Amino acid sequence: MGSVQQSTISGTVKDADGEPLPGVTVVVKGTTQGTSTNIDGEFTLTGVPADAVLLISFVGMKTQEITVGDQTSFNVVLEADAIGLEEVVAIGYTVRKKGEVTGSVATVSSETLERTASKDVAKSLSGKVPGLIVNDRGGYPGDNDMTLLIRGKSTLNNNAPLILIDGITAGTSGMANLSPEDIESLTVLKDGAAAIYGARAANGVILVTTKRGKSGAPKFKLSTSYSMSTFAVKPKLMSSEQFAIYNNEIAARQGSQLPYSQEDIAKYASGEDPINFPNTDWQDLTFADYSPEARVTFSVSGGSDNVKYFVSGDYMNQTGLYDSGDLNFEQYQVRSNLDIKLHEKLSVGIDLSGRFGKRNQPGVNESYIYKHIYVNFPTEVGIYPNGLPAWGGENGSNPVIMSSDEAGFVKTTDNDLRSKFSFDWNLDGVTEGLRMKGFAGIRKMSNDVKSWYTPWTVYQYDVSNDDYREVQGYSQDGNQRILRESFWKYDELMLNATVHYDRTFDDHTIRGFAGVEQFSSEQRNFWAERKDFPSPDHPELFAGGDDGQGSSGTSAEWGRVNYFGSLSYDYAKKYFIDLTLRHDGSSNFGDGNRFGTFPGVGLSWAIGNEKFMDWSDSWLNALKLRTSWAIMGNDRIASFQYLTRYNYGGATDAAQPNWYIFGTNGTRYNGYDPSTTPNPDITWETADMKNIGLSFMMFDNRLSGDVNYFYQKREDILITRNASIPDVAGVTLPQENLGKVDNYGWELQLGWNDKIGEVNYNFGVNFTQAKNEVVYLDEAADVPEWRKREGHPMDSYIVYPTFGLFQSEDEVNSMTAKIPGTVAGEPAYVDVDGNGKIDANDRVRSYTSNVPEIQYGIFGGVEFKNINLNFLFQGQAKAQTIVYFESHGARPDFLFTERWTPENPTAKYPRAFVAGDGYSANLGTPDNFQGADLWLHDASFVRLKELELGYTLSKEVIGFGDLKLFVRGNNLLTMFSDIYDLGFDPESSEIIDFRGSRYPAMKTYSVGLNLNF
């Protein structure tokens, strides 16, 4: 028998862009003989038989098989393979093929993020990620008013997920304000996959990875868009005629004199006398129909084998919907990500980014402006026919003027500077598959606010002289000018070092890493204020008076140290196990409770790779069963509760100052007073998380799916004892780790991707249902069953249940239990406790909230030649929101058109009423609604969240690059929503006299282009 000739072979492995790929596995098929490419993508193997077959594989690339033959040199190009289970995803401190992940992980690509008309990255995730609950609470320029939850709420305290951008912490606003063009991928870790983040992982983790350069010629990208925005919905208010009739009915119910005669009502209806009998819609006067937005992003990327770069700049300008134009937000961003190869085995990264935001808004508080849009009477003049602003409401509170710089200004400048200095050291010389990584992350944030409040001028019409009298208007801040300047500064340093090992032996792959991380931060803030400025021309502190001046400042610091590690093993790409362990220490907790340990285990079985599944090869591409368990923590609590803390001194203008004046010269001495009752045993919440999931790909990867069931037991939640210590004891108790909440539910994602002729199309759906139940709250023993929180969802409304409205006096007379004096058209309250009367004990909990139990997305796209169309519908169910109005001003007109009258006895809403009437109105306090259950409305809806139509001109057509022209829309259509039909946004947190519905979500139309060259 002759022997097969053996030789030494070598080669280079690159990606489709010509970039060398380090760490690629090159193995002689069927043997343990193999190696990995170096930092230049090069490999060498000796003693390779001519009939050998090389297996060349790398994370995120299609595996290639090459027969050696008589070749000794190989130039291999690996193609990206990001389909379904082969997609590369970022997980804690490393990356992995999605098909090898044992936890519940969802990803959003850069293409998906770039395709939205929303300026807010966080809000643009709505309907795109199973398990991610997103509610857009409003669109005020420069704000990120939203609810962002992973798998719903699971604690009575802070439910916010941990967000990291390139491994460095960031809040929701930090992610929301990113330029979508800078993001490479976004990954959501929803179960034990997040366990590697220990004491901060219980609420889930979102990982954002920004783009980096690749070897090759420079690639330029320009993206620009121009948008017009308006409120997604706006209520119709009562006309002056309706207002007069409604208030006459209130007066008649109270037995008082009618404020408006029939002649008055007729004159309001005619509109012939706009001065004495106006019909003012304060909403239309204050707000513009549309506001412009513009955004421009430019980037360049490329590099050589030694230096790669990605550099970008982003500019955004947004004007608010105040008709004055004096509300606007401007933002600049810059980013530079550099990768430098210092040595064959050593490379470093230098990442620098900065975000610079500026917002200008009127000097009157936003809530006060909104209050007077809706409490000012429509029977009052807003703007006189000659253009002069009228009195409006109390103290001349005319929202048209208050929403302009006539009332001053608030200028806010906020900066967010981030830098990351990293290294990657290949230690194959020590042992194959070994490398060391580390980084230093530095973050510097600041916020500078200059608030200038000045009274304004309005006019009152003097009928006797046919003249307009100039008067001063002012808000609750008073009738003198006020200047307040404040500054906040935050510095953060994060140090990280990890050692990684990754090696394959035949069918066995072992991966792991161990690391240490240190985190320190400090912040300080101060403010100063002066009043009584003699002139509006000098809004500087030196120009103010000494009387009433105030100032204060504080500082704080925190620290954290973490030790963590992960070990992963798979056999033949069929059986996978991940083990994680993290040991965290936090300055939030005292000695003996400062450190905690958080383990995690993940298992998965690629059933589709088993021999006994060969029968399904014609239609089943992949089938994988996953399960995970982890103990995670939540340390988002007020700091230093384990210490006895004191207030020292305080603001100079405080109502009850914490300082004293002694001596004939009036020397001030600061005092101390306790600010907290300490608990030395305080520690973090713990979450016991379990997940089981199934992933599959079918029909040549056209059908994909993923389904998960999760169950979390959250314990050690901070609460204050209620039952253990009676109120009469007069004891102030600290918070303790006593509370318990269970959180559970399921998720589903299905997708279909196919082609018919020249038409590519895709569509899919995702669905999330997340429930919670309070297990223990130390609830007082005398709470009746119908108001208990234990055993029920944590969020609820307290309401008085009703049978509806009394339609007639006969119904009123037939009811034994009712509020004395009730008449037809008022709520028929239920006598819950059966004591024969309606009182506070008849209140019940409605176990719903404005956070939906169910959210879903329906998405799809079609591409034909150069034309593409993409859409996203987003919806929610099993949520309720209070919609209630009792103010004296211009209420929504549905309270008039759908109210009870003798002619409309089956109406949905009560007869005309006003605050404090004791029947139809809120029976609680203004800040604690406890009224009839008929004011609770279903917050379900389906919304056309995104729509894009694009046309692409290729480089062959225009000669120098690819140009895509597009039109996009956001929040275009809302359906199946009771609240929307009333004129309100169903995603508002609450709609009580417009307080929770300020500046609702925006409807946006955009045109723009993307140019790549």
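Student: Which helices are among those covering the buried residues of helix 3?

Tutor: This is a predicted model, where local features need pLDDT of at least 70, side-chain atom pairs count only at pLDDT 80 or more, and totals for chains, interfaces and linings use all residues. Residues are numbered from 1 along each chain as its sequence is written, and side-chain values use heavy atoms, without hydrogens or water. Helices (H or I, at least four residues) and strands (E, at least two) are DSSP runs numbered from the N terminus. With contact meaning heavy atoms within 4.5 Å, the cover includes helix 4 (262-270) and helix 9 (894-897).

Student: How far apart are the end C-alpha atoms of helix 3?

Tutor: Helix 3 covers residues 240-254, which is 15 residues. The expected span is 1.5 Å times one less than the number of residues, so helix 3 should span 21 Å. The model agrees, as the end C-alpha atoms are apart by 21 Å.

Student: Which residue just after helix 3 takes a positive phi?

Tutor: Helix 3 has buried residues (under 20% relative accessible area; exposed is over 50%, partly exposed in between, 1.4 Å probe, protein chains only), among them F243, Y246 and I250. Just past the helix, a positive phi of about 75° turns up at G255.

Student: Are E948 and K964 buried or exposed?

Tutor: These two form a salt bridge, with the closest N and O atoms 3.3 Å apart. E948 lies in strand 48 and K964 in strand 49 (residues 962-975), so the pair ties together parts 16 residues apart in sequence. As for accessibility, both E948 and K964 are buried.

Student: Which strand supplies the largest share of the nonpolar patch?

Tutor: Patches take residues with over 30% relative accessible area and no salt bridge, joining like charges within 9 Å and nonpolar side chains (Val, Leu, Ile, Met, Phe, Trp, Tyr) within 5 Å. This one, with Y226, V862 and L947 among its members, has about 730 Å² of accessible area, by the Shrake-Rupley method with a 1.4 Å probe, counting only the protein chains shown as cover for residues. Strand 45 (867-877) and strand 48 (941-953) each supply at least two residues. The largest share, three residues, comes from strand 48.

Student: Which residue's side chain makes a polar contact of 2.5 Å with S1006?

Tutor: S1006 lies in strand 51 (residues 1002-1012) and counts as buried because its relative accessibility is 5%. Beyond neighbours within four places in sequence, S1006 is in contact with residues including Y226 and V967. A polar contact is a pair of N or O atoms within 3.5 Å; within protein, one must be able to donate a hydrogen and the other to accept it, and residues adjacent in sequence count only if both atoms are side-chain atoms. The 2.5 Å partner is S227.

Methods:
Salt bridge = Lys/Arg side-chain N within 4 Å of Asp/Glu carboxyl O.
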